[in-house]
Amino acid sequence: MTQGTVEILNSAAAETSQAADGKELLLKLDDLHVWFELKRFGFGHAGYVRAVDGVTFDMHNRETIAIVGESGCGKTSLMKTILGLYEPIKGKIEYLGKDLNEFNAEETRWYHSQVGYVQQDPFGALPPFMTVRRILEEPLICNGIKDEDERERMIYKVMEEVKLSPVDDYVEKYPHMLSGGQQQRVVIARAMILGPKLIVADEPVSMLDASVRVEILKLLEKVQEDHQLAVIYITHDLSTVRYFSERIFVMYAGQIIERAPVQELINNPKHPYTVALLTATSEPDAANARVMKEIPEGEPPSLVKPPKGCRYHPRCPKMIAGLCDQEEPPHFVISKNHETSCWLYKEE
Ligand SMILES: Nc1ncnc2c1ncn2[C@@H]1O[C@H](COP(=O)(O)OP(=O)(O)O)[C@@H](O)[C@H]1O
Ligand code: SF4
Ligand SMILES: [Mg+2]
């Protein structure tokens, strides 16, 4: 991709986003459904895993949001669809006013330079046969940065930023020579190197030693502030959201069941599942790492045949028989920016 093309895409996108609502809309998800087909004996159709089942939200430039929910609720599938790695079966995603499904190859490359990905498992995310220099150089080459000195400058700059310094001590190392925390710094450097507008961080500290979790979260927070990035932070642990989230979306069985600003959600949770998650939260600091983290009581539901009505009803202590087990609750507005999908909040 030439520099001229990048500039055209950037300025066209900027115009579209400003025209959208005057608030610099960055990302728009509209009724997104991501289903995976199940095959019987490897070929016959046996249903779908409804990993993402009707997710809608808007996100503005420089906004930080957290998506929380227990394992298997569809968080990674949602993120991978935002990254363009999975195609939705229904619904769409717009980035700066452009439909991802309609991107041509050049626009797709541009989009990948705009959105950085920080995976859960840093070791799995890094090619084992490449040095740190090669790992960081690859996206630069793919995006048309031909000048070797320029690439070297960019690699050194980003490595210093993620505190892999002195850079010469790390740049020729292979991933297996680094600690988990250092590997995650390389992943963050790779996500940052093309100057993205949005970082998607999928449980970025859950596979790291407790002793380095806080420093990686603080690094992400600093990078977000310094570059005024938008961040989508995925976690199953609510105690870590305060590092960089303005709004929290709580996800359950492929759907967002409560959304609110951070303090509002923590002080005034409404959905019984959110209440259960909050009481199950532990501290991420090393000193408290021994605290056992519980998960809300009961089994997570099947995503192949989700429960009728409210998907939480088989586990919910407040279930209203005849209503919750029959009809799906819509989003009820609690206050400005606070919504929940629970029949307990039905307006009279
Ligand atoms: N590529 C895939 N093919 C089939 N099923 C998948 C695939 N990816 C995820 N799933 C299923 O989708 C559901 C949601 O998974 P995932 O998005 O990884 O949840 P989370 O990140 O919240 O743990 C799970 O039941 C998982 O087994
Ligand atoms: S809708 Fe009913 S079952 Fe679902 S969370 Fe609310 S009270 Fe519980
Ligand atoms: Mg996941």
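Tutor: Before we look at this predicted model, keep one convention in mind: angles under 35 degrees count as roughly parallel, over 145 as roughly antiparallel, 65 to 115 as roughly perpendicular, and the rest as oblique.

Student: Why are α5 and α6 called oblique to each other?

Tutor: Helix α5 (residues 132-142) and helix α6 (residues 148-161) pack at an angle of about 120 degrees, with their axes 10 Å apart. Because angles from 65 to 115 count as roughly perpendicular and those over 145 as roughly antiparallel, the two helices are classed as oblique. Their crossing is right-handed, and the contact is made by R133, L136, E137 and L140 on the side of α5, and by R151, M154, I155 and V158 on the side of α6.

Student: What classes of residue make up the contact of α5 with α6?

Tutor: The residues of that contact divide into 5 nonpolar, no polar and 3 charged.

Student: Why does A253 count as buried?

Tutor: A residue is called buried if 20 or more other C-beta atoms lie within 10 Å of its own, and A253 has 23 such neighbours, so A253 counts as buried. The place of A253 is in the loop between β9 (247-252) and β10 (255-261). In the protein as a whole, 39% of the 348 residues count as buried.

Student: Which residues are in contact with A253, leaving aside its neighbours within four places in sequence?

Tutor: With those neighbours set aside, A253 is in contact with C73, P301, L303, P306 and R311. The C-alpha atoms of A253 and G69 are separated by 8.7 Å, although these residues stand 184 residues apart along the chain.

Student: Which residues surround ligand 1, and which element gives the largest share of the shell?

Tutor: The surrounding residues are F36, V49, A51, G69, S71, G72, C73, G74, K75, T76, S77 and L303. The elements that give two or more residues to this shell are β2 (44-60) and α2 (75-82), and the largest share, 3 residues, comes from α2.

Student: How many residues surround ligand 2, and what are their classes?

Tutor: Ligand 2 is surrounded by 14 residues, of which the closest are C310, H313, C316, C324 and C342. By class, this shell has 11 nonpolar, 2 polar and 1 charged residues, with Cys counted as nonpolar.

Conventions:
Residues numbered from 1 in each chain as written. Chains lettered and ligands numbered in written order. Predicted model: local features only at pLDDT ≥ 70, side-chain atom pairs only at ≥ 80, totals over all residues. Near = placed C-beta within 6 Å. Axes fitted to C-alpha atoms, helices over the stretch in contact; angles between N-to-C directions. Helix = DSSP H or I, 4+ residues; strand = E, 2+ residues; numbered from the N terminus. Left-handed = near helix turned anticlockwise from the far one by under 90°. Contact = placed C-beta atoms within 7 Å. Buried ≥ 20, exposed ≤ 12 C-beta atoms within 10 Å, placed from the backbone.
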